[in-house]
Structure formats: structure tokens, C-alpha cells
Amino acid sequence: MSLNPIRILTQSDLALLQVLKLIQESFIFMIGRIDPPSSVRSLTLQDLTEKAQTDWILGGGDPVEACVVASPRHNALYLGKMAVHPSMRGQGMARALVQACERIAVDLGLGWLELQVRVELVENQNAFAKMGFLKTTENFCSGYDHVTEITMQKNLHNS
């Protein structure tokens, strides 16, 4: 893993632009592979700046090599837009992000980490399963008559 620690980015952090570019570049492989298309196409720096005011944007590396947006929801911390630069994959960056999110969730008194994965991205589902996430529900995107994504959760009381 990178020697640079995971850090929380603030709304004025210049690294938010690096996060935006990392997310956009990391999600390119999904074009034509997932249906419906990812919302990443419409993600802006303004969106991330606003998220940094209410949620947590975590970045690892300098420049940012891995990131996730963590948002509190009910009894869970929702992990969205997780991305790891291709050159850093397989080196524990995603696991480090998840562990940082676990600490945030516990500090907030939340019992779960939660995320959604598209059904087509079996390799992502397997990677999250190796980190202790379990499939909990199947979901339909608006306008679709078949399952398009699954929700996975990690119980922090059993970690």
C-alpha cells in the first residue's frame, strides 16, 4: 500500500479535483458494461465540494490514488464512488479505505457499512465479500424490470 495515509478531504481541499478525475477515470471501464449507465458521468467538482460539507470524502495518497465518499444513512455508513487508481489495485488501498470508514461509522455509533454494486461487476462484489461485506438485497433501478444492483453490508458489531 502507499505510504501516504488515508485522510479526510475538506470542502476547500484542492485534492477534490484529483478525486473527481480519479473517479471518472476509474469508472470508464463500466461504459457499455453496466445498464443503466453510472451516475459518474454527471459528477462535478461542485458535487464533491457539497458532499465534503455534510459527508466524508476520504483520499489516500498524494496525489490521490484511492478515494471513497462516505455518507451516514440510518444505522449505516454508505460507501459510494469508491475508486482506486489502476496502478495501485491489489495493494490494500480499498481495504484501507474500508477500515477508515469503519472507524468513522463506529465513532458515529453506526452498526453497518453499506454499499451498492452493479450486478454486472462480479469482480467488485467478490472484492467486497473478501472484506466482510454480505449481499443483503437486490435492487431495480427506476424504469427497469430486472435486478440492476445489489446492496452489500458489513456488520461492524461482528468485525
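## Helix 3 and its neighbours

Let's start with helix 3: its buried residues pack against strands 1, 2, 3, 4, 5 and 7. Keep in mind that what you're looking at is a predicted model. The buried residues in question are M93, A96, L97, V98, A100, C101, E102, I104 and A105.

With 15 residues, helix 3 spans 21 Å from its first C-alpha to its last, close to the 21 Å expected at 1.5 Å a residue. After helix 3 comes G109, which has a positive phi, near 80 degrees.

Take a look at strand 6 and its partner. Strand 6 pairs with strand 7 (residues 149-155) in the antiparallel sense, over five bridges. Along this pairing, K135 stands opposite M152 in strand 7.

## The nonpolar core

Which residues have the most contacts inside the largest nonpolar core? They are L77, L79, L113 and F133, in a core of 46 residues. Several elements give two or more residues to this core: helix 1 (15-26), helix 2, strand 2, strand 3, strand 4, helix 3, strand 5 and strand 7. Helix 3 gives the most, with seven residues.

F133 is worth a click. Leaving aside neighbours within four places in sequence, F133 is in contact with L79, V98, L113, E114, L115, F128, M152, Q153 and K154.

## A buried aspartate in a loop

Finally, hop over to D55, in the loop between helix 2 (45-54) and strand 2. Is D55 buried or exposed? Its relative accessibility is 13%, so D55 counts as buried, the cut-off being under 20%.

What does the side chain of D55 make a polar contact with? The partner is the side chain of S71, at 2.8 Å. Setting aside neighbours within four places in sequence, D55 is in contact with A70, S71 and P72.

Technical notes:
Residues numbered from 1 in each chain as written. Predicted model: local features only at pLDDT ≥ 70, side-chain atom pairs only at ≥ 80, totals over all residues. Heavy atoms only, no water. Pairing = 2+ DSSP bridges. Helix = DSSP H or I, 4+ residues; strand = E, 2+ residues; numbered from the N terminus. Buried < 20%, exposed > 50% of the residue type's maximum accessible area, 1.4 Å probe, protein only. Polar contact = N/O pair within 3.5 Å; in protein donor to acceptor, adjacent residues only side chain to side chain. Contact = heavy atoms within 4.5 Å. Core = buried A, V, L, I, M, F, W, Y, C linked by side-chain atoms within 4.5 Å. Expected span 1.5 Å × (residues − 1).
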